[in-house]
Amino acid sequence: MEDWSHCLDVAVQIALRAGQVVQSAVKQEKQVSSKSTPTDLVTEADHQVEELIISTLREKYPSHGFIGEESSAAGVTCELTDDPTWIIDPIDGTCNFVHSFPMVAVSIGFAVRKEKISAPQLELGVIYHCFDGTLYTARKGHGAFCNGVRLQVSKEKDVSKALILTEIGAKRDPATLDIFLGNMKKLLSAPTHGVRIIGSSTLALCHIASGAAEAYYQYGLHCWDIAAAAVIIREAGGYVIDTTGGPLDLMSRRVVAAGTRQIADYVVKQLQPINYGRDDLT
Ligand code: IPD
């Protein structure tokens with residue numbers, strides 16, 4: 001079986017370089033436009049950073065596949081193939097980036113098909129918090145780390161003592177917002193300690209890995225928001241599953257993550273679904 005540790009080292013170096021580009025871009029004037037909806041933002045920096053990450057990785061690993069947020073928005077097919085595949089969000093929290101709100105990350109995941117019959121599996125994840133320099137890393141079977149210190153999820157099983165994180169997603173039509181607010185109301189009235197929205201799915205998921213919050217749920221995120229974080233959470237001892245309670249489907253644009261199965265199951269039971277389609281069908 002191939003040892004992918006060299007890929008983790010490479011991903012870390014690239015994430016740090018990309019983070020430097022984001023740090024300097026945040027101080028400059030931004031050219032902002034929108035993609036799928038008026039609230040789904042993209043900037044010149046998103047394109048520049050994705051180009052930097054993919055071209056550097058492609059030079060090193062010419063046979064690998066690539067899924068990137070901005071390439072997908074530009075029409076490149078979003079699918080996991082037989083090739084080892086990098087899954088990249090160049091700037092997660094683009095709206096935060098536009099406002100210089102300090103929750104912005106570079107996310108690099110990597111999936112590999114280990115056996116012919118099995119689906120590709122998430123192998124490693126690197127998430128770099130561009131504002132405070134926190135670096136989250138994990139490789140399957142080798143633990144998850146924050147700036148080199150081992151991560152451990154919260155072991156809380158009692159939902160009334162849980163802090164829950166979510167993100168809004170790009171759809172803002174009244175029917176979607178009603179379901180979104182209804183889901184949040186159920187989780188607030190459990191009662192839980194609270195619900196937080198920070199504007200970056202990847203960083204919110206890192207907070208599950210570090211034990212700072214007990215659960216995360218969202219409809220409307222993408223495979224590049226989940227890929228790296230899923231490895232980090234699982235290696236920190238947590239669960240990353242589908243909103244139905246079944247196994248995670250990376251392309252399904254929905255997720256529940258939690259430190260314990262009990263809290264994950266509780267969250268799953270509260271949720272009314274919001275249909276965002278699939279990443280591999282657009
Ligand atoms: C988005 C952010 C946002 C979440 C969206 C993500 P982007 O990523 O994480 O908080 O609600 O679902 O797609 O567009 O900033 O990379």
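A: Y136 stands opposite C146, a residue of strand 8. Strand 7 and strand 8 (residues 144–146) pair in the antiparallel sense over three bridges; pairing requires that DSSP finds at least two bridges between two strands. Strands (E, at least two residues) and helices (H or I, at least four residues) are DSSP runs, numbered from the N terminus. The model is a predicted one, in which local features need pLDDT of at least 70 and side-chain atom pairs count only at pLDDT 80 or more, while totals for chains, interfaces and linings use all residues. Residues are numbered from 1 along each chain as its sequence is written, and side-chain values use heavy atoms, with hydrogens and water left out.

Four residues separate strand 7 from strand 8 in their hairpin, and G141 in the turn has a positive phi of about 85 degrees. Strand 7 is also joined to strand 6, by five bridges, and these two strands run antiparallel. Across that pairing, G125 has A138 of strand 7 as its bridge partner. The hairpin of strand 6 and strand 7 has five residues between the strands, and there G133 takes a positive phi near 75 degrees.

These pairings belong to a wider arrangement. Strands of a sheet pair through backbone hydrogen bonds, either parallel or antiparallel. Here an open sheet of seven strands has the order 3-4-5-6-7-8-9, with mixed pairing. Its edge strands, each pairing on one side only, are strand 3 (65–68) and strand 9 (149–150). Strand 3 pairs with strand 4 in the parallel sense over four bridges, and G65 stands opposite T85 of strand 4.

How far is strand 7 enclosed by the rest of the structure? Five of the five residues of strand 7 (residues 135–139) are buried, so the strand is largely enclosed; buried means under 20% relative accessible area, exposed over 50%, and partly exposed in between (1.4 Å probe, protein chains only). L135, T137 and R139 point one way from the strand, Y136 and A138 point the other way, and all are buried.

R139, which lies in strand 7, has a relative accessible area of 13% and is buried. When neighbours within four places in sequence are left aside, R139 is in contact (heavy atoms within 4.5 Å) with D3, W4, S5, L8, E123, L124, V231 and E235.

The open spaces come next. On a 1 Å grid over the protein atoms alone, a pocket is an open set of points with protein on both sides within 12 Å along at least five of seven lines, a cavity is a set of points where a 1.4 Å probe fits but cannot get out, and lining residues have an atom within 4 Å of a point. Grid points are joined across faces, edges and corners, and a volume is the space filled by probe spheres set on the points.

The largest pocket holds about 910 Å³ of space. Of its 40 lining residues, D40, E69, A170, G220 and H222 are the closest to its centre. At least two lining residues come from each of helix 3 (69–73), strand 4 (85–92), helix 4 (94–99) and helix 7 (223–235). By class, this lining has 12 nonpolar, 16 polar and 12 charged residues; Ala, Val, Leu, Ile, Met, Phe, Trp, Tyr, Cys and Pro count as nonpolar, Asp, Glu, Lys and Arg as charged, and the others, Gly among them, as polar.

The second largest pocket has a volume of about 360 Å³. It is lined by 17 residues, of which P120, Q121, L122, L248 and L250 are the closest to its centre. Strand 6 (121–129) and helix 7 each give two or more residues to this lining, and helix 7 supplies the largest share, three residues. The lining comprises 10 nonpolar, one polar and six charged residues.

The largest cavity has a volume of about 50 Å³. It is lined by T166, E167, I168, F180, N183, Y217, Q218, Y219 and I274. Helix 5 (174–188) and strand 12 (215–219) each contribute two or more of these residues, with the largest share, three residues, from strand 12.

Lastly, helix 8 (residues 261–270) has the buried residues I263, A264, V267, V268 and Q270. Seen down the helix axis, these fall within an arc of 165 degrees, so they line one face of helix 8; the arc is that of the directions from the helix axis to the C-beta atoms. They pack against strand 10 (163–166), helix 5, strand 12, strand 13 (239–241) and strand 14 (254–258).
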